[in-house]
Amino acid sequence: MIKKFITELYKENSSIQIDYSLEEYKVLEEELIYFKLEPYVYSLLKQNRTLDKIPTGFKDTLSIQYQSQLIQNLLIKNQTDLVLSTLEKKNISVIPLKGPLFSDKYFDDFAARSSSDIDILVRKEQVAETITCIKNLGFITEEINEEGHFHKTFSKPLPGSSIPLLIEIHWNLLKENTSNLSMDEIWNHAIPITNYQFVKELSTFYTFYFIILHAWRHNLDSLKHFLDIIQIIHKYANEIDYELLFKTARKHRTLKRVKRTLSIVYQQFPQLHHILELPFSKRYASKWQYEVIHGGKVDKRKLYLDFIDYQFNSYDSIYHRYIALFEWLLPSKFGLEAELQHDRLNYLQLYKQRGHGFLSSILSKEKQKRKG
């Protein structure tokens with residue numbers, strides 16, 4: 001249902017058809033709540049001037065969450081501006097990532113896309129100085145981060161809230177041991193933001209590139225990743241050159257990740273071909289596809305095989321695949337906690353849990369065959 005609805009919203013205003021039954025709107029509402037997309041849909045309906053075409057109850061649900069997101073994004077924007085102005089005064093080069101600024105530029109509404117923390121990119125040699133600055137702004141608690149990752153996370157308490165505000169300080173946009181990404185190249189193509197000298201933004205090309213890689217890293221497990229890519233294609237198709245994108249990705253050893261992600265997005269939303277033709281055809285599966293399209297009723301054995309393919313066959317070099325395999329077999333303490341989700345942190349327990357899941361998927365498949 002949600003795919004059909006989003007496809008309609010991206011049509012020309014005169015051809016949008018969203019006159020669904022109340023039962024269909026109820027299903028749609030549940031799906032939007034699941035993916036936390038109410039603000040996004042409300043914003044798009046408002047921009048399309050089609051809010052009056054939907055039921056009042058459905059519109060109220062969207063509006064409430066939009067207003068809540070508006071308040072949250074105002075807070076995050078205020079804190080982001082404070083961080084950026086502070087770093088500007090210290091002559092620290094910084095690029096804000098995602099967040100309200102991204103939403104404002106690419107969605108034409110800084111409240112359309114949900115934000116829950118602040119993400120910034122700084123030069124590696126300025127990380128220590130950046131940490132000093134943000135601690136002076138109240139971000140004094142360092143959160144636990146995965147070893148070998150490319151950012152540090154700090155938090156500050158917020159008055160009247162039990163949830164602290166997080167800031168992630170990135171010095172890279174990919175794990176350094178699984179790509180050949182040159183951060184100097186990224187900085188050289190960054191665009192200065194008006195009224196700043198040291199605060200910059202990623203160009204549309206590199207924004208699109210890293211939104212794709214970000215979606216891949218999260219296994220496209222949320223419709224939000226699809227919408228980021230769809231929105232940029234719809235608004236900036238004339239600035240996207242797939243030949244250049246693939247050439248850049250090939251140089252960075254990220255080509256398979258880029259192609260896999262785009263293939264999944266295009267196969268779920270094929271109307272994108274009419275806006276910006278994808279110059280290759282190959283089909284992949286994704287976690288989102290299983291959860292939403294199949295409603296959770298999937299062949300678990302195929303899900304495991306797709307996971308293995310996604311996890312280890314998305315790298316351009318054998319060396320990077322070996323690293324990914326090694327880190328999967330022997331994850332860090334952070335990785336163990338994330339996967340086991342309990343305090344019995346040992347590799348034996350990890351392998352037992354993985355083996356049990358795989359075995360149950362095979363037995364489930366055999367039972368289905370016998371019943372058939």
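Begin by selecting Lys 36, Leu 37, Pro 39, Tyr 40, Phe 107, Ala 112, Arg 113, Ser 114, Lys 224, Leu 227 and Asp 228, the residues that line the largest cavity. A cavity here is a set of points, on a 1 Å grid over the protein atoms alone, where a 1.4 Å probe fits but cannot get out, and lining residues have an atom within 4 Å of a point. The model is a predicted one, in which local features need pLDDT of at least 70 and side-chain atom pairs count only at pLDDT 80 or more, whereas totals for chains, interfaces and linings use all residues. Residues are numbered from 1 along each chain as its sequence is written, and side-chain values use heavy atoms, with hydrogens and water left out.

Next, colour α3 (38-48) and α9 (223-236), the elements that give two or more residues to the lining of this largest cavity; α9 gives the most, with three residues. Helices (H or I, at least four residues) and strands (E, at least two) are DSSP runs, numbered from the N terminus. The largest cavity has a volume of about 90 Å³, a volume being the space filled by probe spheres set on the points, with grid points joined across faces, edges and corners. Its lining has six nonpolar, one polar and four charged residues, where Ala, Val, Leu, Ile, Met, Phe, Trp, Tyr, Cys and Pro count as nonpolar, Asp, Glu, Lys and Arg as charged, and the others, Gly among them, as polar.

To find it, select its lining residues, including Ile 76, Thr 80, Pro 96, Lys 98, Gly 99, Leu 101 and Asp 117. Two or more lining residues come from each of α4 (56-89), β1 (94-97), α5 (99-107) and β2 (117-122), and the lining of the second largest cavity divides into six nonpolar, two polar and three charged residues.

Now move to the second largest pocket, a pocket being an open set with protein on both sides within 12 Å along at least five of seven lines. Of the twelve residues that line it, Leu 9, Tyr 10, Lys 11, Asn 48 and His 234 lie nearest its centre, and α3 and α9 each give two or more residues to this lining. The volume of the second largest pocket is about 260 Å³.

Finish at Arg 260, in helix α11 (residues 255-268), which counts as buried because its relative accessibility is 3% (buried means under 20% relative accessible area, exposed over 50%, partly exposed in between, with a 1.4 Å probe and protein chains only). Display the C-alpha atoms of Arg 260 and Arg 283, which are 23 residues apart along the chain and separated by 8.0 Å.
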